[in-house]
Amino acid sequence: MDERDVRLLKAISDLGTGSPERLHEETGIPVSTIHYRLNNLREDGVIENDLYDLDHEALGLGVTVIVEVLASYEGPYEEFADELLAVEGVTEAFFTMGETDFVVLARLSSSDTVERLISDFEAIPEVERTNSTFTIATLRDEPRAPATYDLDTLIEELTD
């Protein structure tokens, strides 16, 4: 990845679009070059999809719950994680080191559905305990990490 790739990825993150015309306006990189580079970034797996981002609050899934899961399981963590990921509402899950085995983020329609979420986790035999935290306000929910960086930092850290 070179500086032009990083500039494109930063612009995509900042603008929330992969429109070659908008990216050209933002970066000054020719549209034909943008098409070529975007295709290469897709082939390399850096760009995964062209989906629209959703506002969870406007969608009706405005209750965010962070759940720490302590579990006792045998075998690879991925096998157990599949059970956690099957619980409705789970949008993100992380295998962690330390006292907590997994941290799960769920987007729910109401506080009433939290009981269902926790019951679903506790129905998994390997789950020993959960610790849930309701969020009061979302301070940042940025699905595109480059938007949280200065362009110069990204170029310094990511280019060959």
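**Close-up views of the predicted model**

**Salt bridges in the model.** The structure, which is a predicted model, holds nine salt bridges. The views that follow take up some of these pairs, then the nonpolar cores, the chain as a whole and a surface patch.

**View 1. Arg37 and Asp2 form a salt bridge.** The closest N and O atoms of Arg37 and Asp2 are 2.8 Å apart. Since Arg37 belongs to helix α3 (residues 31-43) while Asp2 sits in the segment before α1 (3-15), the pair ties together parts that are 35 residues apart in sequence. Arg37 is buried, because its relative accessible area of 15% falls under the 20% limit for that class, whereas Asp2, with a relative accessible area of 32%, is partly exposed. Asp5 also belongs to this view, as Asp2, Asp5 and Arg37 are linked in a network of salt bridges.

**View 2. Arg129 and Glu99 form a salt bridge between distant parts of the chain.** Here the closest N and O atoms are 3.8 Å apart. Arg129 is partly exposed at a relative accessible area of 42%, while Glu99, at 65% relative accessibility, counts as exposed.

**View 3. Glu142 forms a salt bridge with Arg144.** The closest N and O atoms of this pair are 3.7 Å apart. Glu142 is partly exposed, with a relative accessible area of 30%, and Arg144 is also partly exposed, its relative accessible area being 23%.

**View 4. The largest nonpolar core has 20 residues.** Within this core, the residues that touch the most other members are Val67, Leu84, Leu117 and Phe121. At least two core residues come from each of β1 (63-71), α5 (77-85), β3 (102-108) and α6 (113-122), and the largest contribution, five residues, is that of β1. Once neighbours within four places in sequence are left aside, Phe121 is in contact with Val67, Leu84, Val87, Val90, Val104, Val127 and Thr130.

**View 5. The whole chain comprises seven helices and four strands.** Read along the sequence, these elements follow the pattern α-α-α-α-β-α-β-β-α-β-α. The radius of gyration of the chain is 20 Å, well over the 15 Å that the globule rule gives for 160 residues, so the chain is more spread out than a compact globule. The C-alpha trace spans about 55 × 35 × 25 Å along its principal axes. Of the 160 residues, 29% count as buried, and the accessible surface comes to about 10400 Å², with 47% of that area belonging to carbon and sulfur atoms. Among contacts between residues at least 6 apart in sequence, 64% join residues at least 24 apart.

**View 6. Met1, Val46 and Leu158 make a nonpolar surface patch.** The area of this patch is about 230 Å². Leu158, one of the three residues that form the patch, lies in helix α7 (residues 151-158) and counts as partly exposed at 41% relative accessibility.

Note on methods: Residues numbered from 1 in each chain as written. Predicted model: local features only at pLDDT ≥ 70, side-chain atom pairs only at ≥ 80, totals over all residues. Heavy atoms only, no water. Patch = residues over 30% accessible without salt bridge, like charges linked within 9 Å, V, L, I, M, F, W, Y side chains within 5 Å. Areas by Shrake-Rupley, 256 points an atom, 1.4 Å probe, with all protein chains shown as cover. Salt bridge = Lys/Arg side-chain N within 4 Å of Asp/Glu carboxyl O. Buried < 20%, exposed > 50% of the residue type's maximum accessible area, 1.4 Å probe, protein only. Core = buried A, V, L, I, M, F, W, Y, C linked by side-chain atoms within 4.5 Å. Contact = heavy atoms within 4.5 Å. Rg over C-alpha atoms; globule rule 2.2 N^0.38 Å.
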